[in-house]
2 protein chains.
Amino acid sequence: MDDGKAHRVSMKDVVFKADCNNPPVLRVQSGETVVFECRDAFNQTIQKSTDLPINFDMERINPATGPVFVEGAEPGDTLEVHILAIDIAKQGSCCILPGFGYLASEFPEPWTRIIPIEDGKAIFSEEVKIPINPFPGTLIVAPAEGSHGTLIPKEYGGNMDSRACTVGTIVYLPVFVKGALFGVGDVHAAQGDGEVCGTAIEIDAEVTIKLVVNKTKKIQRPQYETNEYFMTTAWGETTDDAAKIALRDMIDWLITNKGLTREEAYALCSCAVDMRISQLVDITPGVRAVLPKSIFT
Amino acid sequence: MDDGKAHRVSMKDVVFKADCNNPPVLRVQSGETVVFECRDAFNQTIQKSTDLPINFDMERINPATGPVFVEGAEPGDTLEVHILAIDIAKQGSCCILPGFGYLASEFPEPWTRIIPIEDGKAIFSEEVKIPINPFPGTLIVAPAEGSHGTLIPKEYGGNMDSRACTVGTIVYLPVFVKGALFGVGDVHAAQGDGEVCGTAIEIDAEVTIKLVVNKTKKIQRPQYETNEYFMTTAWGETTDDAAKIALRDMIDWLITNKGLTREEAYALCSCAVDMRISQLVDITPGVRAVLPKSIFT
């Protein structure tokens, strides 16, 4: 859209599974901007404090608005997802779901807290007000084959729940099918690294994203970048499994992009790269390795 | 010392094990300040790039300057370690030790990099300059019994390698023996969360610390606090084990100190507490839970 006017995808247009057979709801050129209207991760079923997180239809949870077909995107390319703006609703919710969360066995009862948003803060209670830092928990492209729920983060993205993916971040996603078939959802008004109870401040939102096809960058799994930081990320059966993959990716990136030896790259990660927990609860925990760009002269 | 003059402990006075039988090298009153001269973690054996990290005498590694006997400290008390200043030497080193580090099996060869400090930056190479963020990796009191190397972090502190323990932080250590028998060492000029290769920028330093006996605070393992953050921390066989202990401690702290219900505390951790990796390499990996105090109105 050369005139800078953005496309728009309605929150009626959601998918609960990433699938190369999902029909696109919009086709855009590389470089165009789209406003995605996103339902919260509970698919708008939690509206008041008496709405408990029980008897969920697990086939209709964590909706992603889309998918959008990006012209020119081919398997092996990288889709650049530039997060330009996030406008959240006036109210979100945080729930404890029986059987879900990092300490699931210690918190067996369902619990709901409705959280109003006022003046840039999430009103957790009269005494506790959390500055908002909104980001979409789910950014996803279609996998090469099969039909995959959006809930478990994988190489095609999904429920990454990384608060690094906020306004100003470029999320790089590997493309597996023609057109990429991108979707986004699960916005959190705020979340701590870990998302330990299994949900953050889940909220409806409009997310404005520029989608760019990158033909030269080749990646195996998502990466993130801001003006200040470059980040690899990965998931594993355990947090340690995830951390090792993200670390190896960062070492490879430093060798390829900065000309370091393997030992230099490993040692530099030890001295200057933060291994950060993104989430601990989405079946496969996620870790991101965060490199400050300013160390390079 | 009412006149504000600090005591001083020489770098000749070090221990390699925490032990209630170690003779104190200094006795101070609660509230007094001590300048600790600290040798680097390699016990000054790495001075030039040809000094490879091999054939270490593992009985003489990671020295802690001290121990200092704090008058009035009794088992069950908490020792407040106020980190007031850290002056680092003009040169540090980073090494890859065979058999040690997060990717030990993938980096079998010894490797050394001497790293000069210039104008507040660690000169990793001509092209890579890392802003310094000095902190003592090891802060330790004597355990109730036995003789324990300083290398593995435990409830009595030790090699916590958490860059949260920098100037402006209060480190809370549980007291197990009369006088606490505090020691400090292993200063890092800079380190990424994770310390993935097993060493950071290891460096000699002078660390200025105020030691205060707190008779009312009761803790099972170290905690950290700054003007902005309160932090629990823990170690475990895996990073997940460590994270769960630190999280439970934070939940307990929120219940006790802020009057939250158990569910509120768990959910608040999900929305606002960062679960951060401190180190991944010291036999028992360490995680800290970081709570921003500003959320409380």
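User: Why is N43(B) called buried?

Analyst: The model is predicted, and in it N43(B) has a relative accessible area of 12%. Buried means under 20% relative accessible area, so N43(B), at 12%, is called buried. N43(B) is placed in the loop between β5 (32-38) and β6 of chain B.

User: Is N62(B) called buried or exposed, and why?

Analyst: N62(B) has a relative accessible area of 2%. The limit for buried is under 20%, and N62(B) is therefore called buried.

User: What makes R163(A) and D274(B) a salt bridge?

Analyst: Their side chains meet at 2.6 Å, N to O. A salt bridge requires a side-chain nitrogen of Lys or Arg within 4 Å of a carboxyl oxygen of Asp or Glu, so the pair R163(A) and D274(B), at 2.6 Å, qualifies. Across the interface of chain A and chain B, six salt bridges are found by this rule.

User: How do you know that chain A and chain B are in contact?

Analyst: Contact means heavy atoms within 4.5 Å. The contact takes 59 residues from chain A and 59 residues from chain B. The two chains bury about 5,100 Å² between them, 62% of it on carbon and sulfur atoms. In chain A, the residues that lose the most area to chain B are Y266(A), S270(A) and C271(A), together 14% of what that side buries.

User: How many residue pairs are in polar contact between the chains, and which element of chain A gives the largest share of its side?

Analyst: The count is 42 residue pairs in polar contact. Elements giving two or more residues to the side of chain A that touches chain B include β7 (78-96), α1 (239-258) and α2 (262-272). The largest share, 10 residues, comes from α2(A). That side of chain A divides into 32 nonpolar, 11 polar and 16 charged residues.

How values were computed:
Residues numbered from 1 in each chain as written. Chains lettered and ligands numbered in written order. Predicted model: local features only at pLDDT ≥ 70, side-chain atom pairs only at ≥ 80, totals over all residues. Heavy atoms only, no water. Helix = DSSP H or I, 4+ residues; strand = E, 2+ residues; numbered from the N terminus. Buried < 20%, exposed > 50% of the residue type's maximum accessible area, 1.4 Å probe, protein only. Buried area = accessible area lost by both parts, 1.4 Å probe. Polar contact = N/O pair within 3.5 Å; in protein donor to acceptor, adjacent residues only side chain to side chain. Nonpolar A, V, L, I, M, F, W, Y, C, P; charged D, E, K, R; others polar.
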